[in-house]
Amino acid sequence: MTTTTQAPRPDPAARPLPLAGVRVLDVSQVMAGPYACMLLADLGADVVKIEPPGGGDQTRGAMGFKMKGPDSMGFLNMNRNKRSVTLDLKSESGREVLYRMAKEADILVENYRPGVMKRLGIDYDTLAALNPALVYVSISGFGQSGPWAGRPGFDLMAQAMSGVMSVTGYPGSAPVKAGVPVADIGCALFATYAMLSAYIGAKATGQGQYVDASLFDSALAFSVWDISEYWGTGREPEPLGTANRMSAPYQAMKAADGWFVMGATNQKLWQTLCRVIERPDLLADARFATVPLRLANRLVLVEELERSFAADTSERWIERLLAEGIPAGPILTYPQAFDSEHGRHRRMRMEIDHPIEGKVPNIGFAVKLQGTPQQVRRHPPLLGEHTQEVLAEYGIGDDERQALAAAGAFGR
C-alpha cells in the first residue's frame, strides 16, 4: 500500500526561505526551464510563469492520459510554488507588460529557440538596458552559438549527439537512451547553479549577466569516466550494460531468483567477496589479481561470480554482502522505490492540494535543508490563474488591464 506525505506547509515562526524576495520570470516550457524555476520556487523565490494564451506551457497537455482537469501529471510535478500569468509576447502590448515586470525582476529564464527572443524584442540586451542587474538565462538544445545552435533540441537529440547514447545499453545492441531525461534535468541543475551564482554576483556589483545553458553541453558534462578513458587510452568508450569502466565487479548479477546489484570496487572488498561466496580459487586466479586485470577479464569474472550467486536468492545475497560491508541492493521499479521504507522516510512522495485534482502526488524535495526546509506554498497554477493579481502588483489596475486586453496583450 502506498503511503504519502502531505506536502510541508509554511511555518509562520520559521526562518524565511533562502530565496524569499527573489523575483523570477519563468518564460519557459516543457522541462529544463520549468524544472529549474521550480527549484527556485521551492526555496522561496517568487516565480511568475509567463505563458502563451490558449494552451499555455506545452506540458499542460502532454502525456497519454487525462486528469480531471486540463493539466498533465508531468506539468503538476514541475510547476508547484509558481504563479501563472498569460501574455501574448507576439503582441506589442504583451511585451510592454513584460518590460514592466523585467524592470523589477532578478532572474528571467527562457527556452525559446535561439534568435526568437531577439526577434520579439525581449532579448538580454533589450531587458538589461531596462534592468542592468537582471540575470537572463537562455536554455536551448545546443547553445546560443555554434554550427548546431539553430537546431531544435530535445533530450533525445542531446543524448544522441553528446555521446550519452553511445555508452548506453549493451555491446552490439540497438541504440538505447538513458531511461530518464538526463540532458533536460542535468541542464536544469547546471542552469540553476549558474543563475544563482550570477545573482549573488549581481547583488554585490549591481551588474547582472547573460547565462547560456544547453542540453548538449550538460549531457557532455556527465561523460567524466567515459571521456577520461578515451583521452587516456585512445579507445572509444562502448556500452557496458550495468557495468562500470573504472572497476569490477561492479554491476548487476544474477542470483537464483533474479537480478541484484553489487560492487567490490577495491582490493579489500574483492578479498571479502571471495570469502563470502567461498571462492578462494578466484582470489588465487591471476586473471583477477588487480582491478585492471578484473576489468580486462570482466566477462569471465561475471560468469564465475554468477555460478556462485546462483546458489541462493538475491535477497539473501544482498543481506550477506551488506553484513560484510560490500555495497549491494535490489533492482526496484519506481513504484517500489517510492513506496519503500526508505523512500517513505525520505518523503520522496508527497501530496499537494489542487483546486481541480484534489490531492496530487508530487516528487519530494531531492535535498533537505534543515534550517530552512523547502515548502509547498502554492499548488501548480492553473493557466493564467494569477494574471490579475500579478498585474495589480505592478500597478496595472482594471482600466489599464482592460485596455491591454483590447490591444491583445493576453491573446485574442
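Which residue is the bridge partner of V27 in β5? The views below answer this and more. This is a predicted model, in which local features need pLDDT of at least 70, side-chain atom pairs count only at pLDDT 80 or more, and totals for chains, interfaces and linings use all residues. Residues are numbered from 1 along each chain as its sequence is written, and side-chain values use heavy atoms, with hydrogens and water left out.

**View 1. Strands β2 and β5 pair in the parallel sense.** The bridge partner of V27 is E110 in β5. Strand β2 covers residues 23-27 and β5 covers residues 107-110, with 4 bridges between them. Two strands pair if DSSP finds at least two bridges between them. Helices (H or I, at least four residues) and strands (E, at least two) are DSSP runs, numbered from the N terminus.

**View 2. An open sheet has 6 strands.** Their order is β4-β3-β2-β5-β6-β7, and the pairing is parallel. The edge strands, β4 (82-86) and β7 (210-214), each pair on one side only.

**View 3. D184 sits in helix α7 (residues 182-205).** D184 is buried (under 20% relative accessible area; exposed is over 50%, partly exposed in between; 1.4 Å probe, protein chains only),. Leaving aside neighbours within four places in sequence, D184 is in contact with M31, A32, D155 and L215. Contact means heavy atoms within 4.5 Å.

**View 4. L404 belongs to helix α18 (residues 398-406).** L404 is buried, with a relative accessible area of 12%. Beyond its neighbours within four places in sequence, L404 contacts S93, V97, I396, A409 and F410.

How values were computed
Lys and Arg count as positive and Asp and Glu as negative; His and the chain ends are not counted. A salt bridge is a side-chain nitrogen of Lys or Arg within 4 Å of a carboxyl oxygen of Asp or Glu.
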